[in-house]
Amino acid sequence: MVIVTMWSRENDRLVTQTQKHLRGASRWCEVLSEVIQTNRLSKMFRCLIKDFEARPSVTHLLEHPFIKQVQGKDVALRQQLAALIQEQQEVGCRTKTKHERINTRKTLIIERCPNDDLVNLEFLDEETIISHLQKRYDELQVYTYVGDILIALNPFQNLNIYSPQFSKLYHGLKRADNPPHIFATADAAYQGMVTFCKDQCIIISGESGAGKTESAHLIVQHLTFLGKANNRTLREKILQVNPLVEAFGNACTAINDNSSRFGKYLEMKFTPTGAVIGAKISEYLLEKSRVIKQAMGEKNFHIFYYIYAGLYHQDKLKTYRLPNKTPPRYIDSLHCKVMQDIVSSKLYKEQFDAIQECFRNIGFTEEEVNSVYRILSAILNMGNIEFAAITSQHQTDKSEVPNSEALDNAASLLSIGPEELQEALTSQCVVTRGETIIRTNTVDKAVDVRDAMSKALYGRLFSWIVNRINTLLQPDMNICAAESGMNVGILDIFGFENFKKNSFEQLCINIANEQIQFYFNQHIFALEQIEYQSEGVDASLVEYEDNRPILDMFLQKPMGLLSLLDEESRFPQATDQTLVDKFDDNLRCKYFWLPKRVELCFGIQHYAGKVMYNVNGFLEKNRDTLPADIVVVLRTSENKLLQRLFSSPLTKTGNLATSRVRVTAASRSLPPQLSSGRTKSPKYLLKVDTMEMMRHPEETTNMRRQTVASYFRYSLMDLLSKMVVGQPHFVRCIKPNDDRQALCFCKERVMVQLRYTGILETVNIRRQGYSHRILFEEFVNRYYYLAFRAHQMPETSKENAVAILQRAKLEDWVLGKTKVFLRYYHVEQLNLFLREVMARVVVIQAYTKGWLGARRYRKEKEKRNRGAIIIQSAWRGYVARQNLKQVKKEREEAAVRIQSAYRGHRVRRDHGPQGPRCQPEAGGKTTKEEHTRSNSPKSEETYTDHLHGENVGPDSRDRQVKDFKRDKGRAEDSVTKPCRETARLRDMQCKQGPVMKLQQRTPRRRGQQPKLLNSPEDSLYYNQLNRTLDYQGSKRKPRKLGQIKVLDGEDEYYKLLSTVESIPEEDYAAAPSPALSSGPLVSQS
């Protein structure tokens, strides 16, 4: 039935279909085909219908001929079923039924190819590599390995290979288990960081438009997946950092719609256990000149178009003083309709909404975001300020602002005065030999000052945004100390560029790429071959193209290209032509030349090819002059963010310092040379200007200050210092064509990129060389678990290293003098073995810790139970003692009340007025009356007379009288409260005369009607008796089985009442009253 059910589900509606429509019908046996063709299975397959009333019974199914042939073949059918299940699991999700997928253990299986690694190719030359890459590219396999290096071809389309399912595949597995992927590189860096406790670095290089930025996005995405931060908000913040920074730092160029115009090094910070806890961004060499001017066919930074479109759709252009018909000059273009794109394009508006969401999620406040928008709007308005020359009697080169609308808009957005801003743009103060000279600016000079101010505003704003992101994403020191954390750095830098017209920006970009290529060569070729020679390892040397001479030509001092550029920039009279002449006179190498019949140009033979540079504007761009008057005016702004931007110093890399500078009143106040009239003395002006210079030396326009070339040099040094700390992982991005078309593979274009990146040489050295070189001590300490017991600490010797390698069953390794030389795949295998061993250790530790925890819990539980019992017993004893004290206290109080009442009665009786005594009725006395009479003075006299009547001596008689009084006193103390009340009533009756007489009550017989209260005396008596009995009855406790009742005060009272025998009521008058015993009553207290 199992086979039939599975088979019938796989082929739905089997009965109604013909054999030619069924899946795999050609492989069925003849009996099954005949059964299906004759429709003999119709009754049997009715068992699969949902209506249970229409289903056949099990007996009918077992009698079917198709089922009868299964009898006696259970073992064979189980084996066939197991083989079928294994086959389906191996095929995975690629095998589908007509309606659904077959669910197997693996939700996603990707078929890998043995040629995923170029090192495994049998024949190795350029043509073979190109054809192999083209074949894979046509199959949308855009990633290929070269050993441990990843080649990524830009597909120019979206691929569905970056979902969370793929992220799960590339998590802790061997590189060869899955096809090449960018996630595999990220996983290799992550596993290396966790395993070796060492920082990692992923270097993404390639031409502009090769896909470096998108590759960096994917690496960050996978690292956040691997890190699995407990704080989900932190993961979202890190993922949104790149879009926000790229909106301010990326732009559209002639060859790339999203080209990085700055260098970005993102450091993701992890705990020693591998959880992501923060991130930090380092930015280098922002192309600020793009703010004021763009080449033909290019655009400004993305953020200007995003904010313009967003404010337009929100009807807030008037709020930010932006025109709604004509675009500002900084974003206007003669070759495209900017306003039409801003109004009609949904992309800009969507990106603006995304940027706002990024600001909000990362943690920027509304005030900060509003300040950013105001500064960006002010920059756009600054571009619309125009100058005109005016002629006066003494000055012929003075400039002014004929239309002050744009000036007023910019000043309002910057929260400064328009007059101060205009004065700073059209004039400047120069201090020379103790004298202050105010010079007016020409129109061209005023335009340069305006553009310099716009560039400074944007550059410092960009640096502040990066610093603010770093502050919001810095790791919590309570979670992990700074020295114990580890980093994975991702370098996304501008790619190599070669335009029709290349300027100073392209020169800096290409020099940076030269430095990255040199680092690649050093790590892959030079350092490895030096290790071979020093360790005595016999390995063939691989020749490669070393670009160190080119870097020396650029960076060496004092005759390098950048040093010559800085030297020429210090001369006020220097021109671009003098700069070219200086290059020609001092750069004597084969990598530099001057083209013939072309002015103001020079050529450089880069590692990626020849590039021609236009020198026009080199000196001015290198100086990056920002007048001090502009800085001082901007410090007077009421905008707190703007104050901070121009009150913080710049670092050696040209970025805004992270430390906050205190903005004092002196630094915010407008200096006298910019005040109206400018009537202050030159001495005072010199003093103020000198203070400003000392406060912020980097913010002046002095020629001796830092230039862009010096900033660039320090930036390269800082970038390399971060890269060399970690273990590098390389991703080489290749652009398959220049037209940005999908599935278009240009062999010539790809060949050029493979040549200058040294892919062929990389394949050779990865095939023949040993990329991992580990000291014996470090190797044994790291992998001794594979060959020795955990509690053993073997010596860090060569023999133990060999034992570990043999136990791991590795081949093609070499031992040097002090190091183990391993191929690129050996370390990965060792790490997998080590991870398996550690996993088993973790399981044992988990069980042991669980057992210890359970035992500790049981002990703690027993201890708590014992403590609870002790506490309960102590509490119960305390409660019992308190109850006993309360009972004793209540009894003592009752005894005292009884004694005081009786003594009071005695005193009143003995000393009160003597009235006529009541005469009892004939016929007997009650027990209480007899007892009272026996205790009266008359009874004493009778007793005394009795003694006198006997023959007793006087001493003996006195002694007997004393004993009688003592016994009488004891009896008096033991009388209960109801007796006293009865005596009091009797006394009152005696005083009133013989009107009221006490009746002797006789007990009622069984069945007799209750006696009615017919006198006030009966009412008083029963009321007092009921109150006494209710009070004493509430204090009485039940008697246990077998316990002998001890008489207490209440029982004594009843005993006194029961001394009279029960006699008929009619005979009571003739019955004599028994005498009460005068002995003492014993009461139980």
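**Salt bridges, the central sheet and aromatic contacts**

In total, 28 salt bridges are found in a search of the whole structure. The model is a predicted one. One of these contacts joins Glu-357 to Arg-360, with the closest N and O atoms 2.6 Å apart. Both residues belong to helix α13, which spans residues 346–362, and they are separated by 3 residues, about one turn of the helix. Glu-357 is partly exposed, its relative accessible area being 33%. Arg-360 also falls in the partly exposed class, at 48% relative accessibility.

A second salt bridge brings together the side chains of Glu-568 and Lys-582, at an N to O distance of 2.7 Å. This pair links distant parts of the chain, as Glu-568 lies in helix α20 (residues 561–569) and Lys-582 in helix α21 (residues 576–586), 14 residues apart. Glu-568 and Lys-582 are both buried. A further salt bridge is formed by the side chains of Arg-909 and Asp-910, with 3.7 Å from N to O. Arg-909 has a relative accessible area of 24% and is therefore partly exposed. For Asp-910 the corresponding value is 38%, so this residue is partly exposed. Salt bridges also occur as a network, which links Arg-261, Glu-287, Arg-290, Glu-298 and Glu-497.

The strands considered next belong to an open sheet. This sheet has 7 strands in the order β1-β2-β16-β3-β12-β6-β7, and its pairing is mixed. Its edges are formed by β1 (143–146) and β7 (276–284), each of which pairs on one side only. On average, neighbouring strands of the sheet are turned by 20° against each other, direction ignored. Helix α8, covering residues 182–196, packs on the sheet and touches β1, β2 (149–153), β3, β6 (263–270), β12 and β16. The direction of helix α8 makes about 155° with that of β3.

Within the sheet order, β3 stands between β16 and β12. Strand β3 (residues 200–206) is largely enclosed by the rest of the structure, because 7 of its 7 residues are buried. In a regular strand, side chains alternate between the two faces of the sheet. In β3 both faces are covered.

The pairing of β3 with β12 (residues 486–492) is parallel and comprises 5 bridges. Gln-200 has Val-488 as its bridge partner in β12, and Cys-201 stands opposite Gly-489 in that strand. The pairing of β3 with β16 (residues 727–734) is likewise parallel, and here 7 bridges join the strands. In β16, Cys-733 is the bridge partner of Gly-206.

The structure contains 30 aromatic pairs. Among them is the pair of Tyr-306 and Tyr-348, which is tilted, with 6.1 Å from centre to centre and 55° between the planes. This pair links distant parts of the chain: Tyr-306 is in helix α11 (residues 302–313) and Tyr-348 in helix α13, 42 residues apart. Tyr-306 is buried, at a relative accessible area of 9%. Tyr-348 counts as buried as well, at 11% relative accessibility.

Phe-520 and Phe-730 form an edge-to-face pair, because their planes stand at 90°, with the ring centres 4.8 Å apart. The two residues come from distant parts of the chain, Phe-520 from helix α18 (residues 504–535) and Phe-730 from strand β16, 210 residues apart. Both phenylalanines, Phe-520 and Phe-730, are buried. Elsewhere, ring pairs connect Phe-248, Tyr-320, Phe-352, Phe-359, Phe-364, Tyr-373 and Trp-464 into a cluster.

Rings also take part in contacts with charged groups. The charged end of Lys-299 is placed over the ring of Tyr-305, at 5.8 Å from the ring centre. In another such contact, the charged end of Lys-610 sits over the ring of Trp-593, 5.6 Å from its centre.

Conventions:
Residues are numbered from 1 along each chain as its sequence is written. This is a predicted model: local features need pLDDT of at least 70, side-chain atom pairs count only at pLDDT 80 or more; totals for chains, interfaces and linings use all residues. Side-chain values use heavy atoms; hydrogens and water are left out. A salt bridge is a side-chain nitrogen of Lys or Arg within 4 Å of a carboxyl oxygen of Asp or Glu. Helices (H or I, at least four residues) and strands (E, at least two) are DSSP runs, numbered from the N terminus. Buried means under 20% relative accessible area, exposed over 50%, partly exposed in between (1.4 Å probe, protein chains only). Two strands pair if DSSP finds at least two bridges between them. Rings of Phe, Tyr and Trp (its six-membered ring) pair if their centres lie within 6.5 Å; planes under 30 degrees apart count as stacked, over 60 as edge-to-face and the rest as tilted. A charge sits over a ring if NZ of Lys or CZ of Arg is within 6 Å of the ring centre and within 35 degrees of the ring normal. Axes are lines fitted to C-alpha atoms, for helices over the stretch in contact, and angles run from 0 to 180 degrees between N-to-C directions. Contact means heavy atoms within 4.5 Å.
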